Amino acid sequence: MERIPILRMGSYLLVTIQVDMHDKLALTLQDDLTERISSVNAKGVLIDISSLEIVDSFIGRTLANIASMARVLDAETVVVGMQPAVAITLVELGMSLPGIRTALNVESGMEYLRETVGSREESDDDDGLSTED
Amino acid sequence: MTTGSALKTETVPIANSSDVVVVRQRVRAWALELKLSLVDQTKIVTAASELGRNTLEHGGGGHMEMSLVENGVKRGIRLRFTDHGPGIPDLDLALKDGYTSGGGLGLGLGGSKRLMHEFEIDSKPGSGTTITVVRWK
């Protein structure tokens with residue numbers, strides 16, 4: 001079955017969507033990602049959509065679902081590289097992707113993840129809520 | 001309304017979600033041929049994707065007829081999506097943002113209307129739906 005590869009780098013998962021996704025492929029990605037977040041205890045997910053020529057309501061909703069599911073599983077998601085024409089069209093379509101953190105490129109997306117995940121781990125240590133014993 | 005004489009026409013069947021990808025690719029190819037700007041290409045391809053998905057999900061499949069149309073000095077692309085599904089009982093409601101009869105976001109029809117210059121729905125409960133849209137260059 002056709003799948004979009006998910007790369008792991010430390011506690012981060014990286015996905016580059018390089019194909020024109022049909023709806024089932026998008027749903028498979030959603031399932032695979034949530035599965036991987038849980039199995040490798042990922043803290044951050046970066047999704048690069050710079051090769052996507054369109055984001056319609058279905059793909060937009062799938063991205064939003066991935067971000068919500070990741071949050072429930074204690075991971076942050078950032079979507080990077082949206083083309084300007086895609087952003088213009090998406091807003092005109094009526095979707096402003098609320099709840100999705102975006103960044104212009106992979107570098108700033110990774111920076112955002114490191115800061116967010118890093119500061120969260122620090123504050124976990126401070127308040128002592130994360131102690132296991 | 002959706003007038004203009006057709007210079008050439010192509011039909012794409014819509015029977016599964018891979019066909020919706022083909023719809024996007026064919027519309028993109030024609031938009032490129034017409035030399036639409038990148039933003040305009042993105043708008044017409046996105047609208048085609050929404051309407052193609054509607055044909056599949058709500059109409060149980062059908063086809064898209066794509067035509068290069070001319071009206072005076074204007075040229076554009078006309079897309080006509082036809083299905084033989086249950087039809088749309090309340091058109092005003094279906095066009096409202098946020099209204100959905102399926103599990104979607106309810107942006108498909110209203111959103112596509114905003115992305116195109118002309119938009120026409122012909123739907124009879126029980127005998128299917130035809131949606132015709134045009135984007136002029």
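**Exercise 1.** Are helix 2 of chain B and helix 4 of chain B roughly parallel or roughly antiparallel to each other?

*Solution.* The model is predicted, so local features need pLDDT of at least 70 and side-chain atom pairs count only at pLDDT 80 or more, while totals for chains, interfaces and linings use all residues. Residues are numbered from 1 along each chain as its sequence is written, and chains are lettered from A and ligands numbered from 1 in the order in which they are written.

Step 1: Identify the elements, remembering that helices (H or I, at least four residues) and strands (E, at least two) are DSSP runs numbered from the N terminus.

Step 2: Take the angle, which runs from 0 to 180 degrees between N-to-C directions, with axes fitted to C-alpha atoms, for helices over the stretch in contact. Helix 2 of chain B and helix 4 of chain B pack at about 155°, and their axes are 9 Å apart.

Step 3: Apply the cut-offs, by which angles under 35 degrees count as roughly parallel, over 145 as roughly antiparallel, 65 to 115 as roughly perpendicular and the rest as oblique. Helix 2 of chain B and helix 4 of chain B are therefore roughly antiparallel.

Step 4: List the residues in contact, a term that requires C-beta atoms, placed from the backbone, to lie within 7 Å. Among those of helix 2 of chain B are Ala47(B) and Leu51(B), and helix 4 of chain B takes part with Gly108(B), Gly111(B), Ser112(B) and Leu115(B).

**Exercise 2.** Find which residues of helix 2 of chain A are buried, and what they pack against.

*Solution.* Step 1: Helix 2 of chain A covers residues 57–72, and its 16 residues reach 22 Å from the first C-alpha to the last, close to the 22 Å expected at 1.5 Å a residue; the expected span is 1.5 Å times one less than the number of residues.

Step 2: A residue is buried if 20 or more other C-beta atoms lie within 10 Å of its own, exposed if 12 or fewer, and partly exposed in between, with C-beta atoms placed from the backbone. The buried residues include Phe58(A), Ile59(A), Leu63(A) and Ile66(A).

Step 3: Their partners within chain A are helix 1 (23–40), strand 3 (44–48), strand 4 (76–80) and helix 3 (84–93), and those in chain B are helix 2 (38–57) and helix 4 (108–115).

Step 4: Helix 1 of chain A and helix 2 of chain A have axes that come within 10 Å and cross at roughly 10°, and they are therefore roughly parallel.

Step 5: Just after helix 2 of chain A, Asp74(A) takes a positive phi of about 70°.

**Exercise 3.** Which strands stand at the edges of the sheet in chain B?

*Solution.* Step 1: Two strands pair if DSSP finds at least two bridges between them. The sheet of chain B is open and has five strands in the order 1-2-3-5-4, with antiparallel pairing.

Step 2: Strand 1 (5–14) and strand 4 of chain B are the edge strands, each with a single partner strand, so one side of each has no neighbour in the sheet.

Step 3: Strand 4 (residues 118–124) of chain B is joined to strand 5 (residues 128–136) of chain B by seven bridges, and Glu118(B) stands opposite Val134(B). In their hairpin, with three residues between the strands, Gly126(B) has a positive phi near 95°.

**Exercise 4.** How many residues of chain A are in contact with chain B?

*Solution.* Step 1: The contact involves 18 residues of chain A and 24 residues of chain B.

Step 2: Helix 3 of chain A gives the most to the side of chain A that touches chain B, with six residues.

Conventions. Two residues are in contact if their C-beta atoms, placed from the backbone, lie within 7 Å.
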